[in-house]
Amino acid sequence: MQDAIFVAAPEGTSWPLSVHDVEQQLQTRFPGIRTWHKYAPVSRCDYVDFEITADGEARHGSYFDRRHLILRDGTPEFWADTIAWLLALLPAATPAIAMVESNPDVMPPIPAGASTQQITDLLDSLLEQT
């Protein structure tokens with residue numbers, strides 16, 4: 001089982017990307033993506049679930065309106081490029097933090113302009129701490 005990866009706006013902040021913005025960008029990035037609009041009653045926000053097929057396997061994710069991205073069914077190495085891509089959609093210097101499901105108490109910031117390798121290393125270090 002692979003850990004879910006979370007990338008989020010730090011507590012008390014939000015991102016300027018709506019569910020619809022991200023869905024449109026995902027459709028461009030991943031032709032053939034499947035998406036579903038949903039509502040999370042506990043957090044009172046809209047989100048989009050999505051599924052892509054890569055290397056013959058289904059990979060899943062969710063983007064919660066202006067809040068966070070959850071990526072499942074892939075390693076940090078697999079998802080790092082997508083995380084860097086999403087962060088590049090945000091205005092320069094917009095803060096973001098990372099977390100893995102098995103280590104929810106550690107939420108380091110993702111450096112502005114982080115490379116795919118830096119993101120992979122950050123997420124791998126979180127997994128090593130579990």
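User: Is Asp21 buried, exposed or partly exposed?

Analyst: This is a predicted model, and the values below are computed from it. Burial is read from relative accessible area, with under 20% counting as buried and over 50% as exposed. Asp21 has a relative accessible area of 31%, so Asp21 is partly exposed. The residue belongs to helix α1.

User: How many bridges join β2 and β3?

Analyst: β2 and β3 pair in the antiparallel sense over 7 bridges. One place to look is Thr35, which stands opposite Phe50 in β3. The hairpin of these two strands has 4 residues between them, and in this hairpin Arg44 takes a positive phi near 55 degrees.

User: And how many bridges join β3 and β4?

Analyst: β3 and β4 are paired over 8 bridges, also in the antiparallel sense. Thr53 stands opposite Ala58 in β4. Their hairpin has 2 residues between the strands, and Asp55 has a positive phi near 55 degrees there. As for burial, 8 of the 10 residues of β3 are buried, so this strand is largely enclosed by the rest of the structure.

User: What joins β4 and β5?

Analyst: β4 and β5 pair over 5 bridges in the antiparallel sense, and Ser62 stands opposite Ile70 in β5. The loop between β4 and β5 contains Arg66. Phi of Arg66 is near 60 degrees, a positive value in a residue other than glycine. Arg66 counts as partly exposed at 34% relative accessibility.

User: Where is Ala93 found, and what is its phi?

Analyst: Ala93 is in the loop between α2 and β6. Its phi is near 70 degrees, again a positive value in a residue other than glycine. At 65% relative accessibility, Ala93 counts as exposed.

User: How do I read a nonpolar core, and how many residues has the largest one?

Analyst: In soluble globular proteins, nonpolar side chains tend to be buried together. In this structure the largest nonpolar core has 33 residues, and Trp15, Ile83 and Ile110 have the most contacts inside it. At least two residues come from each of β1 (5-8), α1 (19-29), β3, β5 (68-72), α2 (76-89), β6 (97-100) and α3 (116-128). The element that gives the most is α2, with 7 residues.

User: Which residues is Ile83 in contact with, leaving aside its neighbours within four places in sequence?

Analyst: Ile83 is in contact with Ile5, Val7, Leu71, Ile110, Ile119 and Leu123. There is also a second, separate core of 6 residues, including Ala4, Ala40, Phe64 and Ile70.

User: How do I read aromatic pairs, and how many are there?

Analyst: Look at the angle between the ring planes: under 30 degrees counts as stacked, and over 60 as edge-to-face. The structure holds 2 aromatic pairs. Tyr47 and Phe64 are stacked, at 4.4 Å centre to centre with 15 degrees between the planes. Tyr47 lies in strand β3 (residues 45-54) and Phe64 in strand β4 (residues 57-64), so the pair ties together parts 17 residues apart in sequence. Both count as buried, Tyr47 at 15% relative accessibility and Phe64 at 11%. The pair of Phe78 and Trp79 is edge-to-face, at 4.9 Å centre to centre with 85 degrees between the planes. Phe78 is partly exposed at 25% relative accessibility, while Trp79 is buried at 0%.

User: What sits over the ring of Phe78?

Analyst: The charged end of Arg59 sits there, 4.2 Å from the centre of the ring.

Methods:
Residues numbered from 1 in each chain as written. Predicted model: local features only at pLDDT ≥ 70, side-chain atom pairs only at ≥ 80, totals over all residues. Heavy atoms only, no water. Phe/Tyr/Trp six-rings, centres within 6.5 Å; stacked < 30°, edge-to-face > 60°. Buried < 20%, exposed > 50% of the residue type's maximum accessible area, 1.4 Å probe, protein only. Lys NZ or Arg CZ within 6 Å of the ring centre and 35° of its normal. Core = buried A, V, L, I, M, F, W, Y, C linked by side-chain atoms within 4.5 Å. Contact = heavy atoms within 4.5 Å. Pairing = 2+ DSSP bridges.
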